[in-house]
Amino acid sequence: MPAIERAAAELFLNDPSLEDFDPDDTWQPAELRRFIGKGHCLVSHVGEEMAGFLVSEPFGRELHIWEMDVLPRFQNRGIGAGLIRASQIDARNSGFRALTLTTFRDLPWNAPFYSRLGFEELTALDAHPRLAGELANEADDGLPMDRRCAMIQFLD
């Protein structure tokens, strides 16, 4: 999973506003094991090879997507959308009322991608302190806040 995350992160290296972005700053195996142990992480394979993954964590009645990556050579084949759809099914079946995430609002493979899959940008962050706090943490980590957003998809 860290190798897939690292490879997918290379898409960000040509963005001048992310000069401090480190593609080697990936989730550590111990962190991933903790998330996997909570039972809501997903992987996708093409043949015998892991092509992508989605890491999520429950927060009350919401399932938060921390990371979703697909190896560059397998992108644009519907694998990421399939991971999101599988996460939606898992969340509904597990009784969650929403999926949440934070992402770049301006990159086509970020907020516009999630919007096509039914997510909406949260504009009233005072009504969602957990996501407001996550965006503040991202700002502390050096991400450009004018480009970041929180998104939610309410589940029926």
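## From a charged patch to the core

Asp25, Glu31, Asp140 and Asp141 gather on the surface in a patch of negative charge. Such a patch is built from residues with over 30% relative accessible area and no salt bridge, with like charges joined within 9 Å. Asp and Glu count as negative, Lys and Arg as positive. Each charge is placed at CG of Asp or CD of Glu. Areas come from the Shrake-Rupley method with a 1.4 Å probe.

The model is predicted: local features need pLDDT of at least 70, side-chain atom pairs count only at pLDDT 80 or more, and totals for chains, interfaces and linings use all residues. Residues are numbered from 1 along each chain as its sequence is written, and side-chain values use heavy atoms, leaving out hydrogens and water.

Look at one member of the patch. Asp140 sits in helix H5, residues 129–140. Helices (H or I, at least four residues) and strands (E, at least two) are DSSP runs, numbered from the N terminus. Asp140 is exposed, with a relative accessible area of 67%. Exposed means over 50%, buried under 20%, and partly exposed in between.

Now go inside. In soluble globular proteins, nonpolar side chains tend to be buried together. Here, the largest nonpolar core has 32 residues. A core is a set of buried Ala, Val, Leu, Ile, Met, Phe, Trp, Tyr and Cys residues joined through side-chain atoms within 4.5 Å. Met68, Ile84, Tyr114 and Phe119 have the most contacts inside this core. Among the elements that give it two or more residues are helix H2 (29–37), strand S2 (49–59) and helix H3 (79–93). H3 gives the most, with 5 residues.

Next come the salt bridges. The structure holds 8 of them. Each is a side-chain nitrogen of Lys or Arg within 4 Å of a carboxyl oxygen of Asp or Glu.

Arg34 pairs with Glu57, their closest N and O atoms 3.2 Å apart. This pair links distant parts of the chain: Arg34 is in helix H2, Glu57 in strand S2, 23 residues apart. Arg34 is partly exposed at 43%, whereas Glu57 is buried at 8%.

Arg73 and Glu49 also meet in a salt bridge, at 2.0 Å from N to O. Arg73 lies in the loop between S3 and H3 and Glu49 in strand S2, so the pair ties together parts 24 residues apart in sequence. Glu49 is partly exposed, at 31%.

Glu121 forms a salt bridge with Arg105, with the closest N and O atoms 2.5 Å apart. Glu121 lies in strand S5 and Arg105 in the loop between S4 and H4, so this pair ties together parts 16 residues apart in sequence. Finally, salt bridges with shared partners join Arg34, Lys38 and Glu57 into one network.

Note on methods. Patches are made of residues with over 30% relative accessible area and no salt bridge: like charges are joined within 9 Å, nonpolar side chains (Val, Leu, Ile, Met, Phe, Trp, Tyr) within 5 Å. Buried means under 20% relative accessible area, exposed over 50%, partly exposed in between (1.4 Å probe, protein chains only).
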